[in-house]
Amino acid sequence: MEVNESILIQEAQQLLMDLIQLPSFSKNEDLTADILERFFANSGMSTRRVGNNILATNRFFQDHLPTILLNSHHDTVKPNSGYTRDPFQAEIQDDKLYGLGSNDAGGCLVGLIAAFRHFYHREDLPFNLCLIASAEEEISGKNGVELAYRHAPSCDFAIVGEPTLLDMAVAEKGLMVLDCEAQGRSGHAAREEGVNAIYQALEDIRWFKDYQFEKQSPFLGPVKMSVTMIEAGSQHNVVPAACTFVVDVRTTDQYTNLEVLEIIKKHVKSKVEPRSTRLNPSSISIDHPIVQSGIQLGKDVYGSPTMSDQALLPIPSIKVGPGDSARSHSADEFIYVHEVAAGVRFYIALLEGLN
């Protein structure tokens, strides 16, 4: 009961155009979730809705088989001021399909859905498939894939759809934002009194600038720490008693966020509070069968500095999909029509390589 490839590609393109034409900003994806539910129902596939996340498993799901998660998102950022086109008008011109979310990550989502549809009725699959069309990816929201995955069957690894020109990100950096506060003691700037919190903070800021973590990732390089904001003082003649600063920390697959946080706290005197430790780095072995399947298809592997829903999944994953990350969040966003078709074919071939 497999669907012809050309039909899958036509359906994917039309679904993408339907999704573009409705706003789906993070936390407000109900309209695109409705479209996805209707598409699955009209295609004879059962789904479950958790908030604005859509979940589905293949028809002949068997508990003893490994399960592969297919994930991409249907939320978008808000269009920036540089748009010259209607961001919600899906229009094809010179092989370019324009519209907000076309590249990030609509093309990936409809490609994964097409691949899921291709395998949905197969009784002889050596694996199960679980698909999550997730919400809130653009804000790493708690009601996105993190919530949806708790309602999904246990999965062994994931294919996360993001625009990568169909090369495979086998590692992805995590993120921690740290709020730091150096303590001093107030006094009059004209006299030798007080302890200047700015000077106390400078010692720690210098440490953040110069410290090198012992382990480096082969794909992501070193952990990167950047002090990005600083604030202190109330007026020119008062020695400040407190100095606050913010540190952006990009973690690698060599450490968990908690491990990096522990190292930082051992070295600095300032009070350090992470805003979150949820957004962890991720990686998958080059020897993993899904990576090897992609390599056999001629795809390159690399480490990604940008985050995706990989950060919230507790399983190994690759990030791969049609489109180009450089177009994401850009004015007059587009994806090439031929990229949509290539994405459908690639995802099917990638999974067939596991047979």
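**Close-up 1. The exposed face of helix α2.** Ala 41 and Asn 42 are exposed and sit on the face of α2 turned away from its buried side. Exposed means over 50% relative accessible area, buried under 20%, and partly exposed in between, with a 1.4 Å probe and protein chains only. This is a predicted model: local features need pLDDT of at least 70 and side-chain atom pairs pLDDT 80 or more, while totals for chains, interfaces and linings use all residues. Residues are numbered from 1 along each chain as its sequence is written, and side-chain values use heavy atoms, without hydrogens or water. Helices (H or I, at least four residues) and strands (E, at least two) are DSSP runs, numbered from the N terminus.

Close-up 2. Thr 32, Ala 33, Ile 35, Leu 36, Phe 39 and Phe 40 are the buried residues of α2. They lie on the same side of the helix, because their arc around the axis is only 155°. The arc is taken from the directions from the helix axis to the C-beta atoms. An α-helix has 3.6 residues a turn, so residues three or four places apart point the same way. The buried residues of α2 pack against α1 (5-20), β1 (48-50), β2 (53-57), α3 (102-119) and β6 (128-134). Contact means heavy atoms within 4.5 Å.

Close-up 3. The expected span is 1.5 Å times one less than the number of residues. After α2 comes Gly 44, with a positive phi near 75°. Helix α3 has 18 residues and reaches 24 Å from first C-alpha to last, close to the expected 26 Å. Of its 18 residues, 18 are buried, so α3 is largely enclosed by the rest of the structure.

**Close-up 4. The largest cavity.** The whole structure holds 2 cavities of 30 Å³ or more. The largest has a volume of about 120 Å³. Among its 19 lining residues, Ser 24, His 74, Thr 76, Leu 100 and Gly 101 are the closest to the centre. A cavity is a set of points on a 1 Å grid over the protein atoms alone where a 1.4 Å probe fits but cannot get out, and lining residues have an atom within 4 Å of a point. Grid points are joined across faces, edges and corners, and the volume is the space filled by probe spheres set on them. Helix α3 gives the largest share of this lining, 5 residues. The lining divides into 9 nonpolar, 8 polar and 2 charged residues. Ala, Val, Leu, Ile, Met, Phe, Trp, Tyr, Cys and Pro count as nonpolar, Asp, Glu, Lys and Arg as charged, and the others, Gly among them, as polar.

**Close-up 5. The second largest cavity.** This cavity contains about 40 Å³ of space. Its lining consists of Leu 8, Glu 11, Ala 12, Leu 15, Phe 39, Val 110, Ile 113, Ala 114 and Arg 117. Helices α1 and α3 are the elements that give two or more residues to it. By class, 7 of the lining residues are nonpolar, none polar and 2 charged.

**Close-up 6. Two buried loop residues.** Gly 144 sits in the loop between β6 and α4 (145-149). Its relative accessibility is 0%, so Gly 144 counts as buried. Ser 308 lies in the loop between β16 (301-304) and β17 (317-319). At 5% relative accessibility, Ser 308 also counts as buried. Beyond neighbours within four places in sequence, Ser 308 contacts Glu 137, Val 160, Glu 162, Glu 172 and Lys 319.

How values were computed: On a 1 Å grid over the protein atoms alone, a cavity is a set of points where a 1.4 Å probe fits but cannot get out, and a pocket is an open set with protein on both sides within 12 Å along at least five of seven lines; lining residues have an atom within 4 Å of a point.
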